[in-house]
Amino acid sequence: MTAHLKAFLQFMRLNRNASAHTVRAYESDLSQFLGDVATHTGTKVAELGPAALDRHAIRRFVGELHQRGLSRASAARKLAAVRTFLRYLRREEIIGDDPGALVPTPKREVRMPAHLSEDEMGALLDAADGATPLGSRDRAILELFYASGLRLGELAGLDLEDVNLSARMARVLGKGGKERLVPFNSTTASALRVYLRAREALVHGREGQDRRERQDQNTGTRRGPSRPTRLSSRSSPVDPLFVNYRGGRLTVRSIDRLVRRYVTVSGVRTGISPHALRHSFATHLLQRGADLRAIQELLGHARLSTTERYTHVNAAQLLAVYKKSHPRAGKNSQLEIKK
């Protein structure tokens, strides 16, 4: 079964154009599932036969995930990975039926997406000091997050050629390798212009360092390890939009850290992640009357049901207004009725 798993991951990578992050997630979830089946059958994963991957094995796996305290959303994700793998095995005629279709998906909890209010969002944007090159970069990152509702990986993957300042549009490579155009406002465009002027100093500083390292290699002098230039899939140099102090592409982890740092500095609620800025973007659009279908396109959601969870946020806001305003909805009124 190990060989089948490797072939499946290769299929997802090449035929489905799945990202490296998605392939790693599939590998982790399926390795856990196959390991669980091997443990209960008393065999090794490499020796597992297709007959062992039946409906009972899948139900047992999902049940054990629940016993370990895993959330329903995580269990549903792992079950989806198992189903995709089994459909692949059926298509390759390794198994005769699809046992994954017989196992129901755990019902997910309806959670309110974490988001900031408009005032809190303003305080967060003002926390970045644009007077320094790195500060102007951070301000541009925060502005672009809120203005376009990008995912963390989408923002980190932007190149210079992906941003059109005059049209105020960005070309984004989303999930599944799907491209979309997202707009941004004039405030974000101004922040990006300030940053791009500062970016030149960061990039030129890196180019100068690379030039000195090449000279040192020719003369035999050692200043320290050199870092390879990042190349695209076409093996041609790319110009990342957001760079670090050495001129290289800013990583997803670095952007996550800087957003959380500015959340702390601004004094807004704790636990706010870069994804919460995406939630804030969608929630504020919905509260101001934007069409749900348009928000779906802006966020790059494949299904409208994914976008519909933001209606729960709006419903919660309406309920709060009702409880605050209706004469019989407050606690004092309830006490009076009981008396």
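In β3, Glu179 is the bridge partner of Leu173. Val172 is also bridged to a residue of β3, namely Arg180. Strands here are DSSP runs of E with at least two residues, helices are runs of H or I with at least four, and both are numbered from the N terminus. This is a predicted model, in which local features need pLDDT of at least 70 and side-chain atom pairs count only at pLDDT 80 or more, while totals for chains, interfaces and linings use all residues. Residues are numbered from 1 along each chain as its sequence is written, and side-chain values use heavy atoms, with hydrogens and water left out.

**The sheet**

Strands of a sheet pair through backbone hydrogen bonds, in a parallel or an antiparallel way. Two strands count as paired if DSSP finds at least two bridges between them. Here three strands make an open sheet in the order β1-β2-β3, with antiparallel pairing. β1 (163–164) and β3 (179–183) are the edge strands; each has a single partner strand, so one side of each lacks a neighbour in the sheet. Strand β2 covers residues 169–173 and pairs with β3 over five bridges. β1 and β2 run antiparallel and are joined by two bridges. In that pairing, Val163 stands opposite Ala170.

Both pairs are hairpins:

| Hairpin | Residues between strands | Turn residue with positive phi |
|---|---|---|
| β1 and β2 | four residues | Arg168, about 55° |
| β2 and β3 | five residues | Gly176, about 70° |

**Two faces**

Buried means under 20% relative accessible area, exposed means over 50%, and partly exposed lies in between (1.4 Å probe, protein chains only). Side chains alternate along β3. Arg180 and Val182 point to one face and are buried. β2 has a covered face with Ala170 and Val172. Its uncovered face holds Met169, Arg171 and Leu173.

**A helix pair**

Two packed helices are described by the angle and the distance between their axes. Axes are lines fitted to C-alpha atoms, for helices over the stretch in contact, and angles run from 0 to 180 degrees between N-to-C directions. Helix α3 (residues 55–67) packs on helix α4 (residues 72–91) at about 160°, with the axes 10 Å apart. The two are therefore roughly antiparallel, a term for angles over 145 degrees.

Which residues of α3 meet α4? They are Ile58, Phe61, Val62 and Leu65. On the α4 side stand Ala75, Lys78, Leu79, Val82 and Leu86. Contact means heavy atoms within 4.5 Å. By class, this contact has eight nonpolar residues, no polar ones and one charged residue.

Most residues other than glycine have a negative phi. Glu93 is not a glycine, yet has a positive phi of about 60°. Glu93 sits in the loop between α4 and α5 (118–126). Is Glu93 buried or exposed? At 70% relative accessibility, Glu93 counts as exposed. Arg168, in the loop between β1 and β2, also has a positive phi, near 55°. At 36% relative accessibility, Arg168 counts as partly exposed.

Technical notes:
Angles under 35 degrees count as roughly parallel, over 145 as roughly antiparallel, 65 to 115 as roughly perpendicular and the rest as oblique. Ala, Val, Leu, Ile, Met, Phe, Trp, Tyr, Cys and Pro count as nonpolar, Asp, Glu, Lys and Arg as charged, and the others, Gly among them, as polar.
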